[in-house]
Amino acid sequence: MRNMMRQLFLAAVIALLAAVTSGTATAVLVTPQTASVASISPANGAVVGIASPVTVRFTAPVPDRARAERSVHVGAAPGSFSWTSDRELVWTSSGFLPADSRFTVTAGNARSEFRTDGGTTADADMSAHTFTVFIPGQPPRVMPASMGKPGRETPVGTFPVMEKDRTIIFDSRTIGIPLDDPEGYYLTGEFAERLTSSGVFVHSAPWSVGQQGNTNVSHGCINLAPADAEWYYDNVSVGDPVTTHW
């Protein structure tokens, strides 16, 4: 019986190979498997701002991006997807997320639940040299500021706070300026909020207090007086939006 089964199996293989050679074989579709999820951000239990994106990181490069996107759900909120690498998918809301709301993110078998804060926003007016923070239920706080000087202008747009740092090293080499250049710098900053991956921050800048409120002198960052920068650091959440404009 075993010999007979083996012969039948071999005959089937030979027939399949013959069919492939003749071009008459039926195609067998194999659906690519999506890599497992390594992490979801915001993490479970996080409280974030109303402009926070959702980032899904996979354990391996994703061969079928459309399928991976279909596996991600952020409650009922409308949004769009983008890929920052072959294993990192970012979902961005079509508008600001509702304040004081809970969201459940599912990506395959992974899951995270986060909550939005009260809806804090900030406005950086590069012409008026002001940085205004709006916290619902409170009067706006208008602070003198200095933004990017000519040739190093602060980018225009709406940017969610990416991270907060009580102290951070600012190194001009990260934006292409050598330390021995007259424009070079290497210093410790305080009360900093990252707005872009290219190195734009809101931060304390005691060295430019005299220009804050009247002149743009930074290399692209939003400079605040130490007390103002500390207040913003204490009141801002990752994901809170900052809008920059002229």
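**Exercise 1. Find which strand gives the largest share of the lining of the second largest pocket, then describe that pocket.**

*Solution.* 
Step 1. Start with the strands. β12 provides the largest share of this lining, with 3 residues. The structure is a predicted model.

Step 2. At least two lining residues come from each of β3 (54-58), β6 (88-93) and β12 (157-160).

Step 3. Look to the centre. The lining has 20 residues, and those nearest the centre are Pro53, Thr55, Pro160, Val161 and Met162.

Step 4. Check the domains. Domain 1 (37-116) and domain 2 (121-244) each give at least three residues to the lining of the second largest pocket.

**Exercise 2. Describe the largest pocket: its volume, its lining and the strands that supply it.**

*Solution.* 
Step 1. Give the volume. For the largest pocket it is about 500 Å³.

Step 2. Name the centre. The lining counts 28 residues, and Phe170, Ile175, Tyr185, His219 and Cys221 are the closest to the centre.

Step 3. Turn to the strands. β13 (163-171), β14 (186-194) and β15 (201-204) supply at least two lining residues each. β13 gives the most, with 4 residues.

Step 4. Sort the lining. There are 12 nonpolar, 11 polar and 5 charged residues in the lining of the largest pocket.

**Exercise 3. Locate the residues that UniProt lists under "active site".**

*Solution.* 
Step 1. Read the record. The unreviewed UniProt entry lists His203 and Cys221 as "active site".

Step 2. Compare sequence with space. The two positions spread over 19 residues of sequence, yet they cluster in space, with a largest C-alpha distance of 7.5 Å.

**Exercise 4. Is His203 buried or exposed, and what is it in contact with?**

*Solution.* 
Step 1. Find the element. His203 sits in strand β15.

Step 2. Apply the cut-off. Buried means under 20% relative accessible area. His203 has 4% relative accessibility, so His203 counts as buried.

Step 3. List the contacts. Neighbours within four places in sequence are set aside. His203 is then in contact with Phe170, Glu190, Phe191, Ala192, Cys221, Ile222, Asn223, Leu224 and Ala229.

Step 4. Link back to the record. Cys221, one of these contacts, is also listed by UniProt under "active site".

Technical notes
Residues numbered from 1 in each chain as written. Predicted model: local features only at pLDDT ≥ 70, side-chain atom pairs only at ≥ 80, totals over all residues. Heavy atoms only, no water. 1 Å grid on protein atoms, 1.4 Å probe; cavity = no way out; pocket = protein on both sides within 12 Å on 5 of 7 lines; lining within 4 Å. Points joined across faces, edges and corners; volume = space filled by probe spheres on them. Nonpolar A, V, L, I, M, F, W, Y, C, P; charged D, E, K, R; others polar. Domains from an automatic or database assignment. UniProt positions renumbered as here; feature names shortened; annotations may be inferred. Buried < 20%, exposed > 50% of the residue type's maximum accessible area, 1.4 Å probe, protein only. Contact = heavy atoms within 4.5 Å.
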